[in-house]
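Try each task before you read its solution.

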Amino acid sequence: MQLLLFPPLKALMGSPCLRLLLPRAAPRTQCGCRCGIGHPLRPGQYSTISEVGLQSGRGRVSLPSKAAERVVGRWLLVCSGTVAGAVILGGVTRLTESGLSMVDWHLIKEMKPPTSQEEWEAEFQKYQQFPEFKILNHDMTLSEFKFIWYMEYSHRMWGRIVGLAYILPAAYFWRKGWLNRGLKGRVLALCGLVCFQGLLGWYMVKSGLEEKPDSHDIPRVSQYRLAAHLGSALVLYCASLWTSLSLLLPQHKLPETRQLLWLRRFAHGTTGLVFVTALSGAFVAGLDAGLVYNSFPKMGESWIPEDLLTFSPLLKNVFENPTTVQFDHRILGITSVTAITVLYFLSRRIPLPRRTKIAAATLLALAYTQVGLGISTLLMYVPTPLAATHQSGSLALLSVALWLMNELRRVPK
C-alpha cells in the first residue's frame, strides 16, 4: 500500500497543479545584501501561504486568514469538479450497461486490473454466474466484456481519486489550522459523505446482481438505490461548490429591499426545483424510461398516456411505472425552465451588479439548451453521447443556479 500511495503523493505535493492552489508570493526588490527585502504588505495579506502559519510564531493560526480561505476555497472547487466527473462517468457507465460487470468489491484488491489471459478469463467466468450475463449478455465475447469491465473499473477508480482529493488535503489544512470551527464541521461532513458514497455505490450494484427467479425482466440496479446514489453525489457536489463560492467570491452589499428578498427566495426555490428534476433523471435511467413514448410534446397520440396510472397502489406509479416516471420528468423539466425564465425577468427589474446579471443570463441560456438536449435525446431513442451530454447539462444548470444564489446571499451584519 505504501508503494502504491506514497510516490504519487510525493509527486503531487510538488506538482504545478497543487501550486496553483496557493497564493502567489509578493514580488521582492533586491537590495545590497544577499537576501531580498519584500514590499510592505497590507494588513491581512501574506507573501506566501506558509507565512500564514508563521504569523502566530508557532507554525499555525487559530483562525484562517483571507489567504488561507482562498486556498481552502480553491481546494473545494477542485473537489466539486472531481465529483462532477464521477457523476458524468457514472452516467456513461449506466448508459453503456457496464455497471454490473465487476461482481466483487474490494477497496484495495480491485485496484489492480487483470493483466494476463488467465486472469481475464477468471474474471469473465465470475461475471457469467450472474443474471445479466444469463439473461441479457449470454452471447458476449471476452473482448466485449473487457470494454464494460473497464468502464465500471474507471468509475470505481475515479471514486477513489475523489476520496483522496477530499480526505488528504482536509487532514493537511486541519493540521495547519486553516479551518475555523464552521469549516471544520463542513469538511468533516463532506469527507463522511464521500465515504458513504462508496458504500452506497456497492449497495446499489449489489441489487443488480441478485437472482430474481420470478422475473424475466432485464437485470438492472434498483432505481431507488440509483436515485439515492445520485442524490448523495449531488448533495456532495452542491455543498462543496457552495462553500467554495462563498470563500472565493466577494459578497455584494445589496440594499435589503422587498424585491430583493422575493428574488432571493425565488432563486432558492428554483434551485431546489432544478435539483429535484436532476434527481428524477435517476428514475428515468434506472427504469430505461427514456425508451418509451419517444415523441414530443405528446406522449404517443395523447397528452396524457392511458397507462399513466396502471400500477396499484397509485403511489407506486411515481417510482416504478416507466410511463409515469418519464411523464414526471417532462413536467419537472418544463416547470424548471419556466421558473428560470421568470427568475431572469424578475432579476432585470432590480438593479444588480454585473456579475449577478451574468449569472442570471447564463442560467437562462443553459436552461433552454438543456431542454433542447432532453428533447433530442428522447426523439433519437437515447443515443449514449447525447444522453451523456444531457446528464452533464443538468450539473451545469445546477452549478449556475448555485452561483446565482451565492450572488444574492445576504451580507451578515
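**Exercise 1. A glutamate and its surroundings**

In which helix is E152 found? Work out as well whether E152 is buried or exposed, and list its contacts beyond the sequence neighbours.

Solution. Keep in mind that this is a predicted model.
- Step 1: E152 belongs to helix 7, which covers residues 142-176.
- Step 2: The relative accessibility of E152 is 4%, and buried means under 20%, so E152 counts as buried.
- Step 3: Once neighbours within four places in sequence are set aside, E152 touches T93, S98, G99, S101, M102 and V205.

**Exercise 2. Helix 4 against helix 7**

Describe how helix 4 and helix 7 pack. A hint to start: two packed helices are described by the angle between their axes and the distance between those axes.

Solution. 
- Step 1: The two axes come within 9 Å, and their crossing angle is roughly 165°.
- Step 2: Angles over 145 degrees count as roughly antiparallel, so helix 4 is roughly antiparallel to helix 7.
- Step 3: The hand of this crossing between helix 4 and helix 7 is left-handed.
- Step 4: Sorted by class, the contact of helix 4 with helix 7 holds 16 nonpolar, seven polar and one charged residue.

**Exercise 3. Helix 4 against helix 9**

Repeat the analysis for helix 4 (residues 66-95) and helix 9 (residues 223-248). Which residues of the two helices make the contact?

Solution. 
- Step 1: The axes of helix 4 and helix 9 come within 8 Å and cross at roughly 155°.
- Step 2: With the cut-off of 145 degrees, helix 4 is therefore roughly antiparallel to helix 9.
- Step 3: This crossing of helix 4 and helix 9 is left-handed.
- Step 4: From helix 4, the contact residues include E69, R70, L76, L77, V83 and R94; from helix 9, they include L226, L230, Y237, L241 and L248.
- Step 5: The class count for the contact of helix 4 with helix 9 is 14 nonpolar, five polar and four charged residues.

**Exercise 4. Annotated spans and the model**

Take two of the spans that the unreviewed UniProt entry annotates as "transmembrane region", 225-249 and 329-346. How far apart are the end C-alpha atoms of residues 225-249, and how far apart are those of residues 329-346?

Solution. 
- Step 1: For residues 225-249, the end C-alpha atoms are 36 Å apart, with 96% helix and 0% strand in the span.
- Step 2: For residues 329-346, the end C-alpha atoms are 26 Å apart, with 100% helix and 0% strand.

**Exercise 5. Backbone details in the loops**

Where do the cis peptide bonds at P297 and P313 lie, and what are the phi values of Y293 and Y381?

Solution. 
- Step 1: F296 and P297 are joined by a cis peptide bond with omega about 5°, and P297 sits in the loop between helix 10 (258-286) and helix 11 (315-320).
- Step 2: S312 and P313 are also joined in cis, with omega about 0°; P313 lies in the loop between helix 10 and helix 11.
- Step 3: Y293, in the loop between helix 10 and helix 11, has a positive phi near 55°. Its relative accessible area is 25%, so Y293 is partly exposed.
- Step 4: Y381 lies in the loop between helix 13 and helix 14 (384-407) and has a positive phi of about 60°. With a relative accessible area of 56%, Y381 is exposed.

Note on methods: Residues numbered from 1 in each chain as written. Predicted model: local features only at pLDDT ≥ 70, side-chain atom pairs only at ≥ 80, totals over all residues. Heavy atoms only, no water. Axes fitted to C-alpha atoms, helices over the stretch in contact; angles between N-to-C directions. Helix = DSSP H or I, 4+ residues; strand = E, 2+ residues; numbered from the N terminus. Parallel < 35°, antiparallel > 145°, perpendicular 65-115°, else oblique. Left-handed = near helix turned anticlockwise from the far one by under 90°. Contact = heavy atoms within 4.5 Å. Nonpolar A, V, L, I, M, F, W, Y, C, P; charged D, E, K, R; others polar. UniProt positions renumbered as here; feature names shortened; annotations may be inferred. Buried < 20%, exposed > 50% of the residue type's maximum accessible area, 1.4 Å probe, protein only.
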